[in-house]
Amino acid sequence: MKENLEILEQFIAEQKIRWDLMNQAYNSNVSWDKDKQPLGEKGVAWLSGTGNGAKAQFHQVGKINKIKETFDITDKSYQDFMKAYFVSSFNPNKDAETPSASKLRAANLLLRQLYYSLKMTTGQSNPIYLSSEVFNHAMGMIAEAKAKDITNLKNSAIGLQSISRFLDEKKFVLTEISFVSKYGSHNTTNTKKRQKAIDVKLAEEGTLNINDADDDKDKLISMKAFLNVISLINIVKDDGEIILLNLLLMLIITGFRFDEAASLKKGCTERVPIKGDALKLAKKFKLCEYNLKINYLGLKGSKQTVHWVEPNAIPLVEAIIAAVEELTEPYRKVLIRERKSGFTDFLPPEIHNIDGELVELDDVCRYLLKSSASGKYWSYIRDTGKKALKNIGILPVEQEKNVGVKASTKALTYYSKDDLNKGFIKLAQDKKHLKENSQFNKVVVHQKKKYHVDYEELLFIVPYGGSNLGRGRVYMNFIIYITHPAIQRFLGTAGGMSIFKKYKLFDEDGNPTELLTHMPRHNVNTFLAIAGITDHLQAMLMGRRDIRQNEAYKHLSLAQELESPLPDPLDAFDEGHQFDLFSESPHPVIQDNESNALVDDLDELFSDSPLDEMEMTNPVKYTKVTGQMVFDPDISLECNFKKSLHTYGDKDEQAKYLADMVSEDFLPELNDAYNELLNEGKKEEAEELLRRHAELNPLVLGTCTRNLALWGCPFGGKCVNGEECGYHAMTGRSGELETIVKHSIDAKSNLQMLEQIAEKDDSFSSSLKKARKSVALLDKMKEKSQEALAKGVIVTLIDKPTPEQLGAFKKPTTLADYFAIEHQHNKKGYSLDDTIVEEDK
C-alpha cells in the first residue's frame with residue numbers, strides 16, 4: 001500500500017509541475033487550490049476554449065445521477081487526484097489544441113460519481129481504493145439515472161472505461177480495475193471500419209441486405225430534404241425565416257461548421273482577379289472572371305482564415321450575402337444607435353418623439369414589436385403585443401376607455417417610457433447579451449485566442465424572437481446573433497416549430513424534414529471524397545487541422561469505398577514517402593536528409609490513432625480490428641502469419657522460425673554467428689545456437705530474446721522506454737509501428753517538459769541527456785520498422801464483394817448519391833488532357 005501511495009503522490013507532483021508549466025506558457029496564475037475552475041468561453045488562459053461555459057469542481061459531488069444529498073469531497077488526496085487527472089489532458093505546448101469544455105466537464109462528473117461510489121461501497125476515500133466494484137456501482141447509478149438517454153449512457157460507459165485504463169496504466173490502485181463498457185461504443189472511425197468490414201464479408205456471403213447496411217445515410221442530406229430546402233426559397237416570407245434559410249444555404253455550399261458561418265462578418269467576401277490560362281478557362285466555361293474568398297475564423301484548432309468558394313457557386317454566395325446584408329441593415333442601425341448610448345437606451349427615436357412619458361400600446365406595436373399576426377385584426381395584434389410585454393415583465397401603468405367612435409370596442413393602454421427601457425435592459429441582461437465585460441458582442445475562439453465581435457459587425461443577425469417560428473412576437477429593438485439552439489429549432493432537431501413543419505414539407509416517410517447543422521459539412525466532405533480529392537486537400541478545403549479527421553466525415557457506400565482514388569498530386573513533392581508506409585518498390589531507400597521528415601510524418605499520421613493501447617499492442621486484436629496484414633513475399637506463408645501475429649509456438653518452432661528469419665535486419669549478431677557456423681559446416685552447432693536463443697518473448701515494443709521466465713530482466717525493461725538493449729529486437733508484427741510512434745510522441749512530450757525544468761535546475765541535465773537519447777532511438781526504431789514494412793504487401797483478409805452484392809444499382813436517396821452519379825458521367829464526358837467537353841469535340 002505504501003508503494004501505491006508513493007506512486008499516487010508522484011503522479012500528483014508531476015501534474016502540479018504540468019499545471020505550473022501551463023501557467024508559464026500562458027503567463028497566467030490559475031490556482032491549483034481553487035475548488036472550482038471555469039471552462040470554455042468563461043475560462044481564463046489555458047482553461048479558455050471551445051464550448052459553452054462550464055465548470056469543473058473538485059470539492060463536491062453535487063446532485064448528479066439522482067444523488068439527493070449534498071456530498072462533499074473531503075479527502076485532499078482525492079481532490080488532488082481529480083485535479084491531476086484534469087490537467088493531464090492538457091499539453092504545455094501553447095499551439096496544442098485545448099480539450100473542449102464538455103469533454104473536461106464530462107470526465108470531472110465521472111470522477112465525482114466515482115468518489116460517491118467509493119464511499120458507498122468501501123467507506124474509503126483515497127483513490128488507491130478505486131476498484132472494479134466501485135466502477136460497477138458508479139455505472140449502475142448512471143444507468144438508472146439515464147435509462148432513457150442511450151447516447152449519454154454510452155458516453156458515460158466509454159468515459160469510465162477510459163478512466164479505468166488510465167488508472168491501470170498508472171498502477172497506483174491496489175487492484176487492477178479492467179472496467180469494460182457493456183453499452184457499445186461511439187461510432188468512431190475504428191468502429192465504422194470494423195462494421196464496414198463485417199458488411200463486406202456478409203455481402204460476399206450473400207447474407208447482407210444492402211438496404212439495411214449502415215452506410216451513414218443519416219448524416220447526409222437526402223434528395224427529398226434538399227428539394228424541400230430549395231422549395232423554401234420561394235415560400236418563406238418573414239425576414240427572420242429568410243435570414244436563417246440563407247444561413248442554411250451558406251452551410252450547404254461551403255461546408256462551414258455552424259459557428260464559423262454564424263460568426264461571419266458583414267463584407268466578409270473578397271474578389272481576387274484571375275489571369276492567364278485560368279482566365280481563358282473561366283471565359284470558356286462562362287464562369288466568373290475572378291475567384292471569391294470568404295474571410296472567416298476557423299474553429300476546432302484550425303488555422304484557416306480563408307475559404308475559397310467553388311467557381312460555380314460564386315454567384316449564389318454573392319447573392320446570399322447581398323440579400324442578408326440588405327435585410328439586416330436596419331438591425332445594424334439599431335445596434336449602432338444603442339451602442340452609442342452604452343446600451344442604456346433601447347427605445348427608438350419614434351418612441352422618444354412622442355410627447356410626455358406615456359406611450360400607448362398602438363405605438364408600442366408599431367415601433368417596438370412585430371407580430372406574426374400581421375394582416376389580422378388590429379385588436380388581435382394589440383393583445384399579442386400586450387402579452388409579449390407582460391412576458392418580459394413590462395406592465396401597463398394606466399388604462400382608460402377611448403372617447404371616440406370606437407369607444408365601445410377599444411380601451412387605451414399606456415406604458416411608461418422608463419418602464420419600457422428598463423424592461424428591455426433587464427431582458428438583455430437576463431439573456432446574457434448585456435454583461436459587465438461584454439456588451440452585445442460574440443466571443444469567437446480561434447487558435448486559442450478570443451476575438452470579441454460586435455453584433456452589428458456580424459453578417460447573420462435577427463431581432464430577438466425572429467428565429468422562433470412558433471412565437472407570435474418579435475422585439476425589433478433587441479438584436480442578437482443566431483445561436484445554435486435557434487438554428488436547431490429552425491431545422492426541426494429541437495423542440496418547437498420548424499420551418500419544414502410550418503410549411504408542411506415532408507420526407508418520403510411522411511414526417512416533416514429534419515436536418516442537423518453538421519449535415520452540410522458531412523455532405524461536402526463526402527462530395528470531395530467521391531471526386532477523388534486527396535486527404536490533404538480535403539483537410540485544407542474543409543478548414544481541418546488533421547487529415548485523419550476526414551474519416552469521420554466521409555460517408556461512402558461500399559461500392560464507392562472500393563473504387564480506386566485519383567493519384568495524389570502531392571506525391572510529386574515528397575517522392576512518395578509522405579504517409580506512404582508500404583511502397584511498391586521491393587527495396588525502398590530513405591535518404592538521410594528525409595529521415596526527420598519521415599519521422600515527423602509518422603508522428604502526425606498515428607498521433608491520434610483510433611486504436612486503443614490494447615489493440616495496438618495485441619497483434620491478434622489489431623488484425624481483427626483492421627482486417628489487414630502485411631506479408632513479406634520473401635518468406636513463407638507460415639512465417640508471415642507467425643511474424644504478423646507474434647505467435648511462434650514452442651521452443652522447437654521458435655528455433656525453426658529463427659532459421660528462416662534471422663537476417664541483417666532481424667537479430668543481426670545472431671545472423672552473423674549462425675551463418676559463420678553454417679559456412680564452416682557445423683550445422684548441428686548452428687541449430688543448437690538458434691535453439692539456445694529461441695526465446696521470443698512478446699513485449700509492448702518488439703521482442704526480448706532473453707529467457708525472462710527463468711532469469712527475468714536485469715535492466716528494468718529499459719527497452720520499453722526506448723533505451724538500447726542487446727536482447728531486444730523489432731519483429732515487424734501487426735501494430736508494432738503504431739506502438740513505437742505512440743511511445744515516441746510520449747517521449748518527445750516528456751522531453752519537452754524536462755527541457756523546461758532543466759533550464760531552471762541543472763541537476764536534471766543527466767536525465768535530459770538520457771531522455772534525448774531515448775527519443776533518438778525511438779525515431780531510429782520508427783525508420784527501421786517503416787523500412788521493413790515497406791518491403792511487404794498489404795493483404796486484406798476479406799474478399800471484395802461484387803457490385804450487385806454491394807447494392808451499387810439500388811435507388812439513390814441522398815444528395816451524395818446523385819453527386820456520385822453525376823461525377824461518373826463527368827469523368828466519361830471530359831478529357832483530362834485538354835479539358836474539352838465531349839460534345840464540344
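A disulfide is a pair of cysteine sulfur atoms within 2.5 Å. A search of the whole structure finds zero of them.

This is a predicted model: local features need pLDDT of at least 70, side-chain atom pairs count only at pLDDT 80 or more, and totals for chains, interfaces and linings use all residues. Residues are numbered from 1 along each chain as its sequence is written, and side-chain values use heavy atoms, with hydrogens and water left out.

View 1. Helices (H or I, at least four residues) and strands (E, at least two) are DSSP runs, numbered from the N terminus. Of the 841 residues, 46% count as buried. Buried means under 20% relative accessible area, exposed over 50%, and partly exposed in between (1.4 Å probe, protein chains only). The protein exposes about 43,500 Å² (Shrake-Rupley method, 1.4 Å probe). Carbon and sulfur atoms supply 51% of that area.

View 2. Cysteine 268 counts as buried because its relative accessibility is 3%. Cysteine 288 is buried too, with a relative accessible area of 19%.

**View 3. The largest nonpolar core has 84 residues.** A nonpolar core is a set of buried Ala, Val, Leu, Ile, Met, Phe, Trp, Tyr and Cys residues joined through side-chain atoms within 4.5 Å. Those with the most contacts inside this core include Leu264, Phe440 and Leu515. Helix H8 (residues 239–254) gives the most to the core, with nine residues. Apart from this core lies another, of 54 residues, among them Ala54, Phe71, Tyr85 and Leu167. In soluble globular proteins, nonpolar side chains tend to be buried together.

**View 4. Leucine 515 and its contacts.** Contact means heavy atoms within 4.5 Å. Not counting residues up to four places away in sequence, leucine 515 touches Ile221, Ala225, Val229, Leu248, Leu491, Thr493 and Phe500.

**View 5. Three strands form an open sheet in the order E7-E15-E14.** The pairing is antiparallel. Two strands pair if DSSP finds at least two bridges between them. Strand E7 (369–371) and strand E14 (461–464) stand at the edges with a single partner strand each, so one side of each has no neighbour in the sheet. Neighbouring strands are turned by 55° against each other on average, direction ignored.

**View 6. Four bridges join E14 to strand E15 (residues 473–481).** Proline 463 has isoleucine 479 in E15 as its bridge partner. Helix H14 (residues 378–391) packs on the sheet and touches E7 and E15. The direction of H14 makes about 125° with that of E7. Axes are lines fitted to C-alpha atoms, for helices over the stretch in contact, and angles run from 0 to 180 degrees between N-to-C directions.
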